[in-house]
Amino acid sequence: MENSRAQFPFPYQPYNIQEEFMQALYSALDKGKVGIFESPTGTGKSLSLICGALSWLTDYEERKKQEAAALLQEGEAALSTNAAQSSAVSSSAELDWITDFVQKKAERDLVSKLKEEELKRKKREERLEMIRNNVQLKYAVKRKSYEEDEAFKLLQLSKEEQVEATGDQEDEELIIAEYESDDESKIKSSRTHSQLAQFVHEVQKSPFSKDISVVTLGSRQNLCINEEVRRLGSIQRINDRCMEMQKNKHEKHHHEDGVKRKRGPAKSVCPYYKASALQQMRDVVLGAVHDIEQLLKLGRETHSCPYYSTRLTIPPAQLVVLPYQMVLHEATRRAAGVQLKGQVLIIDEAHNLSDTLSCIHSAELSGAQLCRAHSQLSQYADRYKSRLKARNLMYIKQILFVIEGLVRVLGGTEMLTINNFLFKAQIDNINLFKVLQRYFEKSMISRKVSVIYLIQRRNLFCILVLCAVPSADQQESVEAEKVLSASPMMQVEGFFMALTNSNTDGRVVVHKQGSLSESSVKFLLLNPAVHFAQVLKECRAVIIAGGTMQPVSDFKQELLFSAGVGEERITEFSCGHVIPPENILPLVLCSGPSGQELEFTFQNRDTPRMMDETGRILSNICNVVPGGVVCFFPSYDYSKRIISHWEASGTLTRLANKKKIFQEPKKANQVEQVLNEFSRCIQRCSADCSGLTGALLFSVVGGKMSEGINFSDDLGRCVVMVGMPYPNIKSPELQEKMSYLDKHLPHSQGRSPGQALIENLCMKAVNQSIGRAIRHRGDYSSVVLCDRRYSRPATLSKLPTWIKDRTTTHTTFGPAFAALRKEKSEGTCLSSCSLFVMDRGASNGLSSFSVSSVVCVFVTAPAKGSRNTYFLYL
């Protein structure tokens, strides 16, 4: 029977769509569904997720408590009844004593287990209450950490593998205290960090902030407080140095236990990795909601490592917030101690889920990395050959043989199935499953070799420069930086893992470049569902949420049905925006001011006529739109070409006379600076009424400003999309993906799955870009889609519903601008003001004009309902 709620705790009176969202979410969690939830950015999606999910969790825990209490009471009553009956049983029934004994023992065991669980639960609740009330906790110093708290075992290797690995005394010196997947490096640190912080801040604002145990996970790069390690910069260096310090600590403990210490300089250990300090910080983390910045501050105050303290907090925490790359990759998930069995998984910002799964399970190796890995492993084998068992030497030789085979195939450029690649590299006789399971995982060879690599860095550098054959000093220094910032054995292990995928689920791309070091071999995952299937199987419920999840049908087919999820387990929820319908005006523009048809195909978009027409459109938009205008181009290359053309033609100067021009920066660390300057310029223009009316920002679809950036209020009063950002159809990887889909997925509505993929990739990118504006209930903006192909019904259907329902298509330029509406932030509309554009030589003033810009007349906002017409002569 489904449980439900009449009301949900919320920090303010929720909108109707938020209440509907939480009801649907509660139901999906209670029924153990896979839910696809779409709620536009600006509708309070994160807060709805938090309040809906935590309401369910609170109710669920209370129900389980009541069920356990009832079961305990029933069990104790049954024991009492049985005891009374036993005393009254005659001697003739003694033959049934075995059955009676077994039954009573089972009942006693059940009651004992229930009592034990109830006692543990009460102790946990009492402990959390003490922590939240800032009561100083006392620790028994003499008790070992693994006895004091089960969670601390997560930091050790434990399990059967540890027992077998530590049994090899030959490797004792290089045993490291924890395995950590280097796939953390595939997490986009800065943006992910920011998104996690935003989500945690929403938790802090929620009514559950005082009663919920929350932990935020992150990479070492984000959570390390050891300045010596932080200075290393790259996540790979930080990981390796951290693991080296743990190894040193492990050695130190052995020396303290009476093992004779070898001569040599003292090896540094991390002062923040101490059991008592970690436990102290764990308790503080459990007592209140902290974002990553607060965790760093807390770590410095308690002299404790936030990275490991947060991992201690996972088992008792009720809510774990982490980058979804960390939970979707099995090795990383296992290393972090994240268990999915019976858990609820909510994936927010899931519009790129399929691409993310493909990315984190793909792997690439360059010739330089292969050379380095071969060199490092050879040195390891030479250094410890007298101490290594014959079995381990055999595995090392097999790994070296495979690496040599991978180097051999770098002589050409081709795409192969996994089996064909193994044959071509002449490594088909090596059992990669066995090498991974029996050697890589148990011996942690990648970590051990990484430590040697750190120690012998300079010698390795000399070897690798010879491999790379740099042609100039600058190239040499760049290659040196690459050498020093990566742990190639970890990359090799990841590639080995990729090659164990099913032959049909992936392809191997060999790409030859000018030199061996630059050539590469890449595994491309074609079927992301194969890795998502385990997540869906283990979790009680999975919620996939995003601002734009369209097209849902293709998403379900590729990621859910292919993973074995039945239609009956899937539930969908989609809602409109909280803004009034008149606050958004989406326009499809089929032709420009001079009548030039707008179709930015690869053949047309580079013509001077098309570039000039685009400039005229932007000039007119900048003349009538106050505040910020954001213009998205389909690629960096096209952005560069069209802006260069405008510089030569004078269009850029005309645009700059109305709005200050900004361009998306090439470096990610410059994005915030550009955004701040863009914002300040708009604020100044609205305040001083100078000649400029705001700012114009040139951005790129799929670039640094098309996702995760808010152009709210005056920052984005109009978003212009130039053309349709289709992916490069000539890409071998994309062609292989299309071929795979055509072969394995059904056709729909006369389209092949490969064709649908191209359209979906394009429209997902468009939806993310145009969604940068309209960020709250009082916001308003126009969206101008410059390409007649947007008017196709199949294309329009892929827009978010709340945008699609308001979209109008205009075959000529004049009526499109007559439809433009503007609102002030206080809600006074300029919506009934029409702009007519006339050309002196045109018989129809609304049809076209042939010059580059118009004169603009600015007026104060008229009273609602009035209609003003302005004829602008050129």
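Strand β12 covers residues 627-633. In this predicted model, the strand is mostly covered: seven of its seven residues are buried.

Two strands pair with β12. One is strand β14, residues 694-700, which runs parallel to β12 and is joined to it by seven bridges. Within this pairing, F632 has S699 of β14 as its bridge partner. The other is strand β15, residues 718-722. Strand β15 also runs parallel to β12, and four bridges join the two. Here C631 stands opposite V720 of β15.

## A cluster of rings

Some aromatic rings form a group. Ring pairs link F633, Y638, W646 and F698 into a cluster.

How many aromatic pairs does a search of the whole structure find? The count is 17. A pair of aromatic rings is described by two things: the distance of the centres and the angle of the planes.

Take F21 and F573, one of these pairs. Their centres are 5.5 Å apart, with 85° between the planes, and the pair is edge-to-face. F21 lies in helix α1 (residues 16-31), while F573 lies in strand β10 (residues 570-574). The pair therefore ties together parts that are 552 residues apart in sequence.

Now take Y395 and Y439. Why is this pair called stacked? The ring centres are 5.5 Å apart and the planes meet at 20°. Planes under 30 degrees apart count as stacked, so this pair is stacked. Y395 belongs to helix α17 (residues 390-408), and Y439 to helix α19 (residues 432-443). The pair thus ties together parts that are 44 residues apart in sequence. Y395 is buried, with a relative accessible area of 4%. Y439 is buried as well, at 1%.

## Charges over rings

Rings also meet arginines here. Which residue lies over the face of Y307? R311 does, at 3.9 Å from the ring centre. R717 lies over the face of another ring, that of Y780. In this case the distance from the ring centre is 3.7 Å.

Definitions and conventions
Residues are numbered from 1 along each chain as its sequence is written. This is a predicted model: local features need pLDDT of at least 70, side-chain atom pairs count only at pLDDT 80 or more; totals for chains, interfaces and linings use all residues. Side-chain values use heavy atoms; hydrogens and water are left out. Rings of Phe, Tyr and Trp (its six-membered ring) pair if their centres lie within 6.5 Å; planes under 30 degrees apart count as stacked, over 60 as edge-to-face and the rest as tilted. Buried means under 20% relative accessible area, exposed over 50%, partly exposed in between (1.4 Å probe, protein chains only). A charge sits over a ring if NZ of Lys or CZ of Arg is within 6 Å of the ring centre and within 35 degrees of the ring normal. Two strands pair if DSSP finds at least two bridges between them.
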